[in-house]
Amino acid sequence: MKVDSTPSISTAPRDSGTPGEQKIGFVRKAKAYLHLTKPQVIELLLVTTAPTMMFAAGGMPNLWLILNTMIGGAMAAGASGAFNCYIDREADRKMKRTEKRPLVTGELTDKEALVFAWILAVISIVYLFFLVNPLASALGVVAILLYVVFYSLILKRRTTQNIVWGGLAGCMPVFIAWAAVENRITWAAVVLFLVIFLWTPPHYWPLSMKYAEDYQRAGIPMLGAIASAKSVSVQVVLYAWAMIVCSLLLIPLGGAGWVYTITAIAAGVWFLFHCHKLHHLALEERATSRTAMTVFHGSITYLTVLFIALAIDPFVGDAVLSL
């Protein structure tokens, strides 16, 4: 009998790679999950959280409370972003602005993204419930539902006003922050909520002007993508004016002091200048994507400066006026 001298093929599992390769794979996956949460949006939301808590407390709240509120809020916002990436995955594949999102690049599967979003959402609500308070947790649920269901599923593809009403979700961090400190919502919190609500259109519509072709290709009716620059600039100016006026309501209704008052007026005038400049150039048909992005970046600067002043205000001087 002839003995086969051919080496047998091992059925043992192969090594998936060197430790270094495995580490790179893990890091890449972790970065993909982080990208899924839209960290730039989370960062902007957190800018409003701690200052709101300081103003609500009239000073420095418990540091653990601030930390837990920000962690819980960040997870809720991250879960909302992950759900949004899952819902918008087909549209994202048609847009240059979103071509590096992990569901477009294939770094994550649809199932991985959806499971991650659900897990993060549940953890965020439980975290807020036990480490902050039940009201903050309930408001976290509302924030997620507003962004995922009301905006992403219902409004985004049906109306040019999608970002206006969808922006309600972005206003919720101030409610969560205020509830964390006072366990209730007051008129001062409503004023801050409305400031962010009115801020969202002049923040986002200039961005949609720059990426108009992207949104048209994806079939998403963002105002900046389907309306003329003149029309969009009028809306930007009107919302900016309404936002500035609303910000000043914190003086009589919230007992804001001179630091906030002077900053709100100065930053408001500065931002209005850029909004009116965009409108002026649009009327002359000289508005460009660069002009629009100046307003977009200016809106971020305005909100950041306003909420820094909000944080400092309780520590310096007395209220300008209180009804």
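The structure shown is a predicted model.

**View 1. Contact between helices α2 and α3.**
In this view, Ile42, Leu45, Leu46, Thr49, Ala50 and Met53 of α2 meet Leu65, Ile66, Thr69, Met70, Ala74, Ala77 and Gly78 of α3. The two helix axes approach to within 10 Å and cross at roughly 150 degrees. Angles over 145 degrees count as roughly antiparallel, and α2 is therefore roughly antiparallel to α3. The crossing of α2 and α3 is right-handed.

**View 2. Contact between helices α7 and α9.**
The axes of helix α7 (residues 134-155) and α9 come within 9 Å, with a crossing angle of roughly 175 degrees. Helices α7 and α9 are therefore roughly antiparallel to each other. On the α7 side, the contact is made by Leu135, Ala136, Leu139, Gly140, Val142, Ala143, Leu146, Tyr147 and Phe150. On the α9 side, Leu168, Ala169, Met172, Phe175, Ile176 and Ala179 take part.

**View 3. The aromatic pair of Phe55 and Trp178.**
The count of aromatic pairs comes to nine. Phe55 and Trp178 form a tilted pair, at 6.3 Å centre to centre and with 50 degrees between the planes. Phe55 belongs to helix α2 (residues 39-57) and Trp178 to helix α9 (residues 168-182), so the pair ties together parts that are 123 residues apart in sequence. Phe55 is buried, at 8% relative accessibility, and Trp178 is buried as well, at 4%.

**View 4. The aromatic pair of Phe83 and Trp118.**
The ring centres of Phe83 and Trp118 are 5.3 Å apart and the planes stand at 90 degrees, so the pair is edge-to-face. Phe83 lies in helix α3 (residues 63-87) and Trp118 in helix α6 (residues 110-131); the pair thus links distant parts of the chain, 35 residues apart. Phe83 is buried, with a relative accessible area of 8%, whereas Trp118 is exposed, at 53% relative accessibility.

**View 5. Arginine residues over tyrosine rings.**
The charged end of Arg89 is placed over the ring of Tyr86, 4.1 Å from the ring centre. Arg97 lies over the face of Tyr211, at 5.8 Å from the centre of that ring.

Conventions:
Residues numbered from 1 in each chain as written. Predicted model: local features only at pLDDT ≥ 70, side-chain atom pairs only at ≥ 80, totals over all residues. Heavy atoms only, no water. Phe/Tyr/Trp six-rings, centres within 6.5 Å; stacked < 30°, edge-to-face > 60°. Helix = DSSP H or I, 4+ residues; strand = E, 2+ residues; numbered from the N terminus. Buried < 20%, exposed > 50% of the residue type's maximum accessible area, 1.4 Å probe, protein only. Lys NZ or Arg CZ within 6 Å of the ring centre and 35° of its normal. Axes fitted to C-alpha atoms, helices over the stretch in contact; angles between N-to-C directions. Parallel < 35°, antiparallel > 145°, perpendicular 65-115°, else oblique. Left-handed = near helix turned anticlockwise from the far one by under 90°. Contact = heavy atoms within 4.5 Å.
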